[in-house]
Each structure stands twice: as structure tokens, then as C-alpha cells.
Amino acid sequence: MSFPHFETHFVTVRDNVRLAYNHEGRGGVPLVMLHGWPGGKRLFWRNIGPLADAGFEVIVPDQRGFGETPPTPDTPLSVQESARDIYALLQALGHDECVLVGGDMGSGVSIQLSQSYPGMVKRFVTYNGFAPMIPDAYAAAGLPSSQFEVMGEISDHFALHALEADKLAAGFDSDNARLAYVKQYFQGHVWQEGGPVRHLAGPGRINDTEAEFLAEQIKSEASFRASLNFYEGVMNPAPDAGDFLIDRRIDVETMVLWGMEDDIVGEHYPSWMAVGCSNIVGPFLVRSGHFVQWEAADVLNSAVRSFCRDLLVNS
């Protein structure tokens with residue numbers, strides 16, 4: 001099986017953070033696509049070509065410690081740090097505004113970026129990721145008040161990755177062992193001790209070759225450990241991390257997709273987003289799991305083109 005491939009570029013953006021990124025369609029509408037955990041920029045390799053052809057300038061970074069971007073031990077990855085990194089990347093490329101696409105932790109970085117730099121984000125497309133942390137609004141709508149509490153009822157992964165990261169990382173003695181662990185998140189995983197196998201990706205939607213191709217982005221000892229900083233930064237943020245701005249509604253015009261075969265993010269995600277977005281298009285249900293950009297690439301590509309048609313026409 002062959003996969004698309006795109007040239008990797010590097011730029012040092014801030015605090016000696018050297019980001020690796022793909023960059024296609026220069027001169028088009030700036031479009032930044034942000035991965036979560038597990039992953040890296042390869043997760044978007046089914047989107048970059050079609051969206052560049054549609055008129056976007058597609059920018060897809062590996063966030064700190066993922067893929068070809070080295071870890072930064074002195075300032076570990078967090079949602080806040082990554083938002084600052086992406087802002088600096090856009091500035092380095094000469095852009096003051098963009099369209100954002102992000103799921104999983106990438107959606108958290110996207111929300112943080114849009115709240116930190118008002119006016120920068122013109123449109124936001126998101127799927128199977130963070131919902132704004134507005135418990136009172138959810139309770140008033142008759143919904144569970146906490147996305148993380150709902151996930152915690154069926155999965156220990158967030159606490160394991162955030163609170164026992166060193167212990168988890170030390171339990172793997174080779175790249176192959178780490179690769180096998182990460183692959184489970186693409187193909188089926190026991191999310192609680194003694195529990196059943198549950199699926200993040202839709203069952204059978206990511207085969208073994210694809211899972212290995214995607215998982216190997218964080219199989220090294222350094223990358224795997226650094227990638228867990230994403231979780232640590234949410235549950236145990238560094239004192240100097242800055243405000244976590246996901247505690248308010250999203251005002252940017254937002255298209256919400258829901259990969260409905262995702263067993264982990266939870267069936268309430270579309271309803272939470274309907275409450276949490278002031279200017280929403282959707283939610284639209286997609287026959288895929290968590291990794292909409294890979295499992296249903298044509299759907300995501302079409303959705304982004306349609307949602308931004310006026311921006312493309314006026315560019």
C-alpha cells in the first residue's frame with residue numbers, strides 16, 4: 001500500500017522551537033490542520049493534495065515531539081504552548097489570519113489559538129475533539145456537564161497518560177513495543193482494565209499497514225514520552241503555561257463533524273458542541289470513527305471546500 005508524501009519544511013518559531021511542517025498550495029487561502037494524539041502530520045496526507053488543489057495554502061505541522069519536530073524538554077508541549085507555536089508559525093509564513101481544521105487535541109489547540117488571537121481564525125472545522133468546558137451551560141441544556149468525566153467512565157487513558165506518563169513510558173523497552181501500543185489506538189484497545197475492546201477509529205477502517213504508518217510517528221522513546229505532555233498539560237498544567245481558554249463558548253464560525261463510530265469521545269459530543277458554539281454549522285454525522293481526516297478524507301475535504309467557498313472565491 002502506498003501513501004501520498006509531501007516535502008517536510010522546518011522553521012524555528014519561538015523559544016528555539018523548531019517545527020516540521022508540510023506546506024502546499026502557496027498563495028492560496030491559509031489553512032492550518034492540527035493533529036492530536038496519537039498522530040502527526042501524516043494523518044492529513046489524504047487531505048493536503050485535494051485541499052491545495054481547491055485553492056488553499058495548506059500548512060500541516062508536527063507539534064512538539066511528534067513526527068519530525070523534536071521535543072523541547074525545557075518547555076514541554078501543552079495546548080497553550082502549541083497555540084503560541086502555531087501563531088508564531090503563521091507569522092513566520094506571513095499570515096495574519098487562517099482557516100483552522102483540528103480534531104482530538106488539535107481541536108483544543110485550535111480553540112486556544114482562536115481565543116488567544118481574536119480575528120486570526122476566519123473559520124474553524126472540527127471533529128471528535130474538545131468541547132468547550134462550560135459545565136453550567138451543558139447542565140442547563142440537560143447534558144452531562146463534563147466531557148472528561150463521561151470519557152473517564154469508559155476509559156482510563158487520559159489519567160494514565162497525564163498522571164502516570166513516566167511509568168507508562170518506562171514500561172516499553174523498544175520502538176516496536178511503543179509502536180504496538182500506539183497502533184491499538186487506531187485499531188482497537190482495552191481502555192479500562194478488565195473492560196472490552198473499544199474502538200477509536202471505526203472498526204476495520206484503518207488496516208494494519210495504515211496503523212503502522214500513522215503510529216510510527218511517535219514510536220521513538222523521546223517522541224512517545226514528549227507526546228504525553230499533551231495530556232499532562234491539560235490535567236496538571238505548568239504554573240507558567242498561561243490561561244486555558246477552553247472555558248468559554250467558541251465565537252468563530254465553526255463547522256462540526258461527528259465521526260459517529262468513535263466509542264470514546266462520546267455520543268454527547270455533537271450536543272455539547274451545539275451548546276458550546278455561538279455560530280455553528282452542523283453538527284453533521286459522518287460514517288467514520290475518531291480520525292475523520294483519514295477514515296473519511298473525501299467527506300472532510302468536501303466539507304472544508306464548501307464551508308470556505310466564499311473565501312476561496314475572494315482570494
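**Close-up 1. Helices α8 and α9 cross with right-handed geometry.** A crossing is right-handed if the near helix is turned clockwise from the far one by less than a right angle, and left-handed if anticlockwise. This is a predicted model, in which local features need pLDDT of at least 70, side-chain atom pairs count only at pLDDT 80 or more, and totals for chains, interfaces and linings use all residues. Residues are numbered from 1 along each chain as its sequence is written, and side-chain values use heavy atoms, without hydrogens and water. The axes of α8 (residues 175-187) and α9 (residues 208-215) come within 9 Å and cross at roughly 120 degrees. From α8, L179, V182, K183, F186 and Q187 meet D208, A211, E212, L214 and A215 of α9 (contact means heavy atoms within 4.5 Å). The contact residues divide into six nonpolar, one polar and three charged.

**Close-up 2. Helix α2 meets helix α3.** The axes of α2 (residues 79-92) and α3 (residues 105-116) come within 8 Å and cross at roughly 65 degrees. That makes α2 roughly perpendicular to α3. The crossing is right-handed. V79, Q80, S82, A83, I86 and Y87 of α2 touch G108, V109, Q112 and L113 of α3. Six of the contact residues are nonpolar, four are polar and none is charged.

**Close-up 3. Helix α14 has buried residues.** In α14 (residues 297-307), A297, L300, N301, A303, V304 and F307 are buried (under 20% relative accessible area, 1.4 Å probe, protein chains only). Seen down the helix axis, these buried residues fall within an arc of 165 degrees, so they line one face of α14.

Conventions:
Buried means under 20% relative accessible area, exposed over 50%, partly exposed in between (1.4 Å probe, protein chains only). Helices (H or I, at least four residues) and strands (E, at least two) are DSSP runs, numbered from the N terminus. The arc is that of the directions from the helix axis to the C-beta atoms. Axes are lines fitted to C-alpha atoms, for helices over the stretch in contact, and angles run from 0 to 180 degrees between N-to-C directions. Angles under 35 degrees count as roughly parallel, over 145 as roughly antiparallel, 65 to 115 as roughly perpendicular and the rest as oblique. Ala, Val, Leu, Ile, Met, Phe, Trp, Tyr, Cys and Pro count as nonpolar, Asp, Glu, Lys and Arg as charged, and the others, Gly among them, as polar.
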